[in-house]
Amino acid sequence: MDPLVIQGFGLAAYAVNIVGFSTRHDQLFRSLLFVSCSLFCIHYVLMGAYVAGANLGINGVRSFVSLRFKGYTWFGIFAVIQTIMSVMVYEGLIDLLPWSASLMSGFALFCLSGIQMRFAMLICALTWMVNALIVGSWGGSLNDITNATLLAFTIYRMKTANEREAQTASL
């Protein structure tokens, strides 16, 4: 397949992710994450980064499931699935990056909310960014640099809004 078409899948996923990572609404965030992960799954598999692709495919399903279900049990189920799939297609140390990032984001989606969820997703984005740079993914690199920036900004906005609400409530 043409390398530009492969990079195009990553750039399309990046566009969807920009909208998702800039929202303060948890449900919309998870829905858009499903679409983005699905596109990135195709992108990374076509690039030959199979652990990244497998984890992103599972991440897409996991984001959709996390719309309705929460808790440590669901996180555990997906952590086991992701670990088994990652071991099955593992090729080298770089494959530990998408696996660990996927575990972090799974924990965030099933066990956290609000600012805590976004902070965990910030760490996840930085881990994925290292992976994308090593693999040579244009969309992935742009995506994770942008996600980290948007998440930091969104965390700041949410923290500021919480502080304003606390001040208003104390008056």
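1. What is the volume of the largest cavity? In this predicted model, the largest cavity has a volume of about 210 Å³. The structure holds one cavity of 30 Å³ or more.

2. The lining of the largest cavity comprises 20 residues, and those closest to its centre are Asn17, Leu33, Cys37, Leu56 and Trp128. By class, the lining has ten nonpolar, eight polar and two charged residues.

3. Several helices contribute to this lining. At least two residues each come from helix 1, helix 2 (26–47), helix 3 (50–65), helix 6 (114–135) and helix 7. Helix 2 gives the most, with five residues.

4. Helix 1 (residues 3–21) also packs against helix 7 (residues 138–170), at an angle of about 10° and with the axes 8 Å apart. Helix 1 is therefore roughly parallel to helix 7, because angles under 35 degrees count as roughly parallel.

5. On the helix 1 side, the contact with helix 7 is made by Leu4, Gln7, Gly10, Leu11, Ala13, Tyr14, Asn17, Ile18 and Phe21. Helix 7 brings Trp138, Gly139, Leu142, Asn143, Thr146, Asn147, Leu150, Leu151 and Thr154 to the contact. Ten nonpolar and eight polar residues make up the contact of helix 1 with helix 7, with no charged residues.

6. Asn17 links the two parts of this note: Asn17 belongs to the contact of helix 1 with helix 7, and Asn17 is also among the lining residues closest to the centre of the largest cavity.

How values were computed:
Residues are numbered from 1 along each chain as its sequence is written. This is a predicted model: local features need pLDDT of at least 70, side-chain atom pairs count only at pLDDT 80 or more; totals for chains, interfaces and linings use all residues. Side-chain values use heavy atoms; hydrogens and water are left out. Axes are lines fitted to C-alpha atoms, for helices over the stretch in contact, and angles run from 0 to 180 degrees between N-to-C directions. Helices (H or I, at least four residues) and strands (E, at least two) are DSSP runs, numbered from the N terminus. Angles under 35 degrees count as roughly parallel, over 145 as roughly antiparallel, 65 to 115 as roughly perpendicular and the rest as oblique. Contact means heavy atoms within 4.5 Å. Ala, Val, Leu, Ile, Met, Phe, Trp, Tyr, Cys and Pro count as nonpolar, Asp, Glu, Lys and Arg as charged, and the others, Gly among them, as polar. On a 1 Å grid over the protein atoms alone, a cavity is a set of points where a 1.4 Å probe fits but cannot get out, and a pocket is an open set with protein on both sides within 12 Å along at least five of seven lines; lining residues have an atom within 4 Å of a point. Grid points are joined across faces, edges and corners, and a volume is the space filled by probe spheres set on the points.
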